[in-house]
Amino acid sequence: VIGLLNAIVEAFGGESQIWMQIDAGRLNSFLLMIIIIWLQAGFSMVMLSAAIKGVPEETIEAARIDGANGATTFFKVVVPQIRGTIMSVFITVVILVMKIFDIVLAMTGGNFNTSVLGFAYYRELFVNSDLGSASAVVTILCVIIAPLMWLQIRSVRQVEENR
């Protein structure tokens, strides 16, 4: 078994593991979360970096002249001005996480307590050939995602109005 984590474990005298197939305290779900965060980090950082660069330097300079330190300037001046972008990134990532399927299929095949709605849909439709259950899963997914999409659209419109 190969991988960075196994190399570290073996360096300290431990035995390598097949980490995604261990069902100990939801470890595999935690590892999937780390993978998803890693996948979404690039998109999130590009969006947030662009939003931060869009904050006028004059407002940051005015806060510094008024005596605000770095943390206060960031949380009281910068964050309120990029709130719409933060909401858009957050909602986009939540929607993508809810639709996740390919990573679960490739890493665990939906076993070891890693089944998600996207995988449940796949299993019901293609493995069990149960169109009714598959439709119910997709309906649940739509009911959950539709309000999030509405929030994202509202957030993007708010950002555009503030420009």
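In which helix is the place of Thr92? Select Thr92 in this predicted model: the residue belongs to helix H5, which covers residues 83–98.

**The whole chain**

The chain contains 8 helices and 0 strands, so that, read from the N terminus, the order of elements is α-α-α-α-α-α-α-α. Along its principal axes the C-alpha trace spans about 60 × 50 × 20 Å. The radius of gyration is 21 Å, whereas a compact globule of 163 residues would have a value near 15 Å. Of the 163 residues, 29% count as buried. The chain exposes about 10,900 Å², and carbon and sulfur atoms supply 66% of that area. Among contacts between residues at least 6 apart in sequence, 52% join residues at least 24 apart.

**Helix H5**

Next, select residues 83–98. The 16 residues of H5 should span 22 Å at 1.5 Å a residue, and the end C-alpha atoms are 23 Å apart, which agrees. Colour the buried positions of H5: Gly84, Thr85, Ser88, Val89, Ile91, Thr92, Val93, Ile95 and Met98. To see what covers these buried residues, show H2, helix H7 (117–127) and helix H8 (131–162), which are among the covering elements.

Return to Thr92 within this set. Thr92 counts as buried because its relative accessibility is 16%, and the cut-off for buried is under 20%. Leaving out residues up to four places away in sequence, Thr92 touches Phe43 and Gln152.

**Helix H2**

Which residues does Ser44 contact, apart from its neighbours within four places in sequence? Select Ser44, which is placed in helix H2; the contacts are Val89 and Val93. Both Val89 and Val93 are among the buried residues of H5. Ser44 itself is buried, with a relative accessible area of 11%.

Move along H2, which comprises residues 27–53, to Ile37. Is Ile37 buried or exposed? Ile37 counts as exposed because its relative accessibility is 60%.

**Helix H3**

Finally, select Glu61 in helix H3, which covers residues 57–65. At 45% relative accessibility, Glu61 counts as partly exposed. Draw a C-alpha to C-alpha distance from Glu61 to Leu39: the two are 35 Å apart in space and 22 residues apart in sequence.

Terms used:
Residues numbered from 1 in each chain as written. Predicted model: local features only at pLDDT ≥ 70, side-chain atom pairs only at ≥ 80, totals over all residues. Heavy atoms only, no water. Helix = DSSP H or I, 4+ residues; strand = E, 2+ residues; numbered from the N terminus. Buried < 20%, exposed > 50% of the residue type's maximum accessible area, 1.4 Å probe, protein only. Contact = heavy atoms within 4.5 Å. Expected span 1.5 Å × (residues − 1). Rg over C-alpha atoms; globule rule 2.2 N^0.38 Å. Areas by Shrake-Rupley, 256 points an atom, 1.4 Å probe, with all protein chains shown as cover.
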